[in-house]
Amino acid sequence: MMTNQNVVTHEVINTLIAMAASISNSPVLPSATVPESLALLGGCWGVPHKNLVKRLEGAKVSAWIDSMRASSPTRVKSESQEKRSFILYRPSALNTFEQIICSSKGKKIVVFLDYDGTLSPIVADPDKAFMTRKMRATLKGIARHFPTAIVTGRCRDKVYSFVKLAELYYAGSHGMDITGPTKSQSPKQGNNKAVLFQPASQFLPMIDEVYKILVEKTKSVPGAKVENNKFCLSVHFRCVDEKSWAALAEKVGLVLNEYPQLRLTQGRKVLEIRPTIKWDKGKALEFLLESLGYENSNDVFPIYIGDDRTDEDAFKVLRSRGQGIGILVSRVPKETDASCTLQDPSEVEQFLRRLVEWKRSSTVTPTSV
């Protein structure tokens with residue numbers, strides 16, 4: 001026989017889980033207070049601490065799985081489903097190229113680019129995410145005319161080994177590892193002193209330690225791959241059967257429980273583990289603009305192109321500044337702070353090539369915009 005007490009207890013546990021989850025995600029309270037808070041909340045209602053923690057962990061894993069599915073669709077929706085899923089419509093950056101150029105009139109264009117899914121296609125093996133020769137040639141042309149940065153979640157050295165262009169800025173590990181060009185083909189392209197900024201240096205030993213643990217813990221999940229991006233870690237599940245996502249998320253979660261200074265975010269078929277410092281691709285964009293002398297300038301027009309959730313931080317910065325344009329690379333319309341879209345890396349190459357051609361044909365000198 002179910003009593004009112006049983007019903008109340010069930011509802012109370014759910015309430016406590018929500019409260020505890022809110023506490024654990026709070027930027028105000030240190031994570032060390034969470035266990036004590038759980039004990040206090042549970043004790044007030046007569047709920048055993050162990051049971052509450054178990055339910056909370058289950059709720060977290062469930063939330064992660066939902067987020068993994070949302071950011072990493074495994075099946076294509078029908079056209080009617082796509083239309084119903086429209087949240088915000090964004091026009092093609094190719095179709096609105098002339099308007100974009102018109103908006104940049106009298107301003108200095110600075111180009112920011114994600115790597116995976118933007119300059120290179122998304123591939124099963126992250127070690128084989130190579131750009132095409134055509135893309136590299138176009139990127140070289142872009143860097144000849146505009147200050148250009150690659151802002152990626154990848155290790156800076158790794159993405160440089162793919163791109164191999166010394167005239168670019170590179171912001172690896174979601175902007176936590178930034179360096180400037182080692183050579184420039186234009187003497188007036190801004191401050192070309194080598195920039196070195198690593199706001200999360202103190203986390204390196206911890207990142208290395210967690211990397212080794214995750215490599216060992218995820219061996220039992222076929223297809224899982226852990227990548228060390230120096231200041232952050234990526235757990236790729238592109239080749240993991242969807243039925244095993246929950247097991248993988250649970251293993252990752254159990255490891256991170258021991259490291260409250262690290263946080264988990266999701267990307268396209270990847271779990272990202274980063275330090276809890278307030279730094280992201282948006283902060284990296286602001287830092288690079290400042291390094292170029294455009295911190296409070298109205299004479300700059302940043303163009304940021306990216307395909308991932310992590311790029312939204314940069315899109316938000318551009319919206320808040322009221323400058324430049326964010327371009328989302330996606331075949332499927334989705335909620336975004338970007339202003340335009342491109343479908344895939346081939347369209348990104350077309351857009352960048354048009355930018356180079358416009359620059360060549362519209363200027364007398366190579367340094368004016």
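**View 1. Strands E10 and E11 pair in the parallel sense.** Strand E10 (residues 300-306) meets strand E11 (residues 325-329) over four bridges, where strands are DSSP runs of E of at least two residues, numbered from the N terminus, and two strands pair if DSSP finds at least two bridges between them. In this pairing, Gly306 stands opposite Leu328 in E11. The model is predicted, so that local features need pLDDT of at least 70 and side-chain atom pairs count only at pLDDT 80 or more, whereas totals for chains, interfaces and linings use all residues. Residues are numbered from 1 along each chain as its sequence is written, and side-chain values use heavy atoms, with hydrogens and water left out.

**View 2. An open sheet of eight strands shows mixed pairing.** The strand order is E5-E4-E3-E2-E1-E10-E11-E12. Strands E5 (196-197) and E12 (340-342) stand at the edges with a single partner strand each, so one side of each is left without a neighbour in the sheet.

**View 3. Ile273 belongs to the largest nonpolar core.** This core has 49 residues, and Phe112, Leu214, Val252, Leu262 and Ile273 have the most contacts inside it; a nonpolar core is a set of buried Ala, Val, Leu, Ile, Met, Phe, Trp, Tyr and Cys residues joined through side-chain atoms within 4.5 Å, buried being under 20% relative accessible area with a 1.4 Å probe, protein chains only. Apart from this core lies another, of 38 residues, among them Ala143, Phe146, Ile327 and Phe351.

Conventions: Buried means under 20% relative accessible area, exposed over 50%, partly exposed in between (1.4 Å probe, protein chains only).
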